[in-house]
Amino acid sequence: MTARKAPRISSRKQPKQARSNLLVTAILQAAAQVLAAEGAQRFTTARVAERAGVSVGSLYQYFPNKAAILFRLQSDEWQQTTDLLSTILKDAGTPPQQRLRNLVHAFIRSECDEAQMRVALNDAAPLYRDAPEAKQARAKGERTLQAFMREVLPNTRRAARARAGDLISTTLSTVGKQFSESPRTLAEIKAYADAMSDMFLAYIERIERP
């Protein structure tokens, strides 16, 4: 049985001039609006081009298909999350345990603020999640978290430390997504983030014990 070929999700070319940058920005803004309004199932390049006020041909100069547009939206979201994770976890002036707590609070707030877009992107994920570009984008965030785990658990075996990092990452993203699917007050977000932080820190403390 022949494996299904993954769709091309890389941009056709990168904008180099100010006018081209404006065009790509307009396309991505329109794409976000169409995705939020129509959902992944009704997302098409024609709708995006119409919302952006450009021709489909102009859109195809930069994005070969709708999967490429959706992946760009997702990769931009991943980059924002990775930047957030990196800024917080690499703050050497803050104790590691507090950094982890800060990360959980920032991540849960971000999930709730952008819940509609994240749910729509999750629905679109089958279009690009197995592509090499998607795996590379996710790997960057994973490396940052594992570097933090080496700092917070320097005397722990490598396999146990990697398992702890994977468990924290998976729990944070999965539970955070589920929590954000319903409207939440600031007090609810804080209480939930505090509880999740306590859980992670208790787990780390147990691993640290001889």
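Two residues count as being in contact here when heavy atoms of theirs come within 4.5 Å. The model is a predicted one. Leu23 sits in helix α1, which covers residues 18-38. Setting aside its neighbours within four places in sequence, Leu23 touches Val54, Ser58 and Tyr62. Tyr62 is 39 residues from Leu23 along the chain, and the C-alpha atoms of the two are 9.5 Å apart.

The N-terminal end of α4 is capped by Asn65, with a side-chain oxygen 3.2 Å from the backbone nitrogen of Ala67.

Next up are helices α5 (residues 96-113) and α8 (residues 158-180), which pack at about 35° with 9 Å between their axes. Their crossing is right-handed. On the α5 side, the contact is built from Leu100, Val104, Phe107, Ile108, Glu111 and Cys112. Helix α8 brings in Ile168, Leu172, Ser173, Gly176, Lys177, Phe179 and Ser180.

Searching the whole structure gives one aromatic pair. That pair is Phe179 with Tyr192, and it counts as stacked because the ring centres are 3.9 Å apart and the planes lie at 15°, under the 30 degrees set for stacking. Since Phe179 belongs to α8 and Tyr192 to helix α9 (residues 186-208), the pair ties together parts 13 residues apart in sequence.

Notes. Residues are numbered from 1 along each chain as its sequence is written. This is a predicted model: local features need pLDDT of at least 70, side-chain atom pairs count only at pLDDT 80 or more; totals for chains, interfaces and linings use all residues. Side-chain values use heavy atoms; hydrogens and water are left out. Axes are lines fitted to C-alpha atoms, for helices over the stretch in contact, and angles run from 0 to 180 degrees between N-to-C directions. Helices (H or I, at least four residues) and strands (E, at least two) are DSSP runs, numbered from the N terminus. A crossing is left-handed if the near helix is turned anticlockwise from the far one by less than a right angle, and right-handed if clockwise. A polar contact is a pair of N or O atoms within 3.5 Å; within protein, one must be able to donate a hydrogen and the other to accept it, and residues adjacent in sequence count only if both atoms are side-chain atoms. Rings of Phe, Tyr and Trp (its six-membered ring) pair if their centres lie within 6.5 Å; planes under 30 degrees apart count as stacked, over 60 as edge-to-face and the rest as tilted.
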